[in-house]
Amino acid sequence: MIKGFRDFILRGNVVDLAVAVVIGAAFGAVVKSFVDDILMQLIAAIVGTPDFGALQVTIGEGVIKYGSFLNAVISFLLIAAAIYFVVVVPLNKLAERRAKGADPTTKTCPECLSEIPHGARKCAFCASEQHDAAGGAPAA
């Protein structure tokens, strides 16, 4: 039983997941600080302090504090926007640039439309001769 537990803990995906959780928590603190200390302060400078925590409705003996919920929704939207514009958009642009510069490893056979290695001289599926990109002699 101990050996099985050790194997489970040392399995790559468990360790990777643990590292991701720790990094995610640290990154969450950075994003929260960015939203609270920069974005919220910019909003406060423009429209005043954006705190809706005091908003509430009393129904009988119950108090519905919808202002706290509104604060949480605004905070979530700001965090989501910060993640999107600061992390997702730049990473997508970087991935696009890398994909444009990468040489393709496969090509499509013009006869049977199968995927074949880029340097192939004959198609493995239909045996047709492959020509270079300019339509000249078979690829060397």
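Predicted model: local features only at pLDDT ≥ 70, side-chain atom pairs only at ≥ 80, totals over all residues.

Residues are numbered from 1 along each chain as its sequence is written, and side-chain values use heavy atoms, with hydrogens and water left out.

Start with the core. A nonpolar core here is a set of buried Ala, Val, Leu, Ile, Met, Phe, Trp, Tyr and Cys residues joined through side-chain atoms within 4.5 Å. Buried means under 20% relative accessible area, exposed over 50%, and partly exposed in between, with a 1.4 Å probe and protein chains only. The largest such core has five residues: V31, V35, M40, L78 and A82. Helix 2 (12–47) and helix 3 (66–101) are the elements that give two or more residues to it, and helix 2 gives the most, three. Helices are DSSP runs of H or I, at least four residues, and strands are runs of E, at least two, numbered from the N terminus. In soluble globular proteins, nonpolar side chains tend to be buried together. Apart from neighbours within four places in sequence, V31 is in contact with I79 and I83, contact being heavy atoms within 4.5 Å.

Now the surface. L55, V57, I59, I64, Y66 and L70 make a nonpolar patch of about 490 Å². Patch residues have over 30% relative accessible area and no salt bridge, and nonpolar side chains (Val, Leu, Ile, Met, Phe, Trp, Tyr) are joined within 5 Å; like charges would be joined within 9 Å. A salt bridge is a side-chain nitrogen of Lys or Arg within 4 Å of a carboxyl oxygen of Asp or Glu. Areas are Shrake-Rupley with a 1.4 Å probe, and for residues only the protein chains shown count as cover. Strand 1 (57–59) and helix 3 each supply at least two residues of the patch. Y66, in helix 3, is partly exposed at 38%.

Next, the loop between strand 3 (106–108) and strand 4, which holds S114 and L113. Most residues other than glycine have a negative phi.

Last, the segment after strand 4 (115–117) contains Q130. Q130 is buried at 2%.
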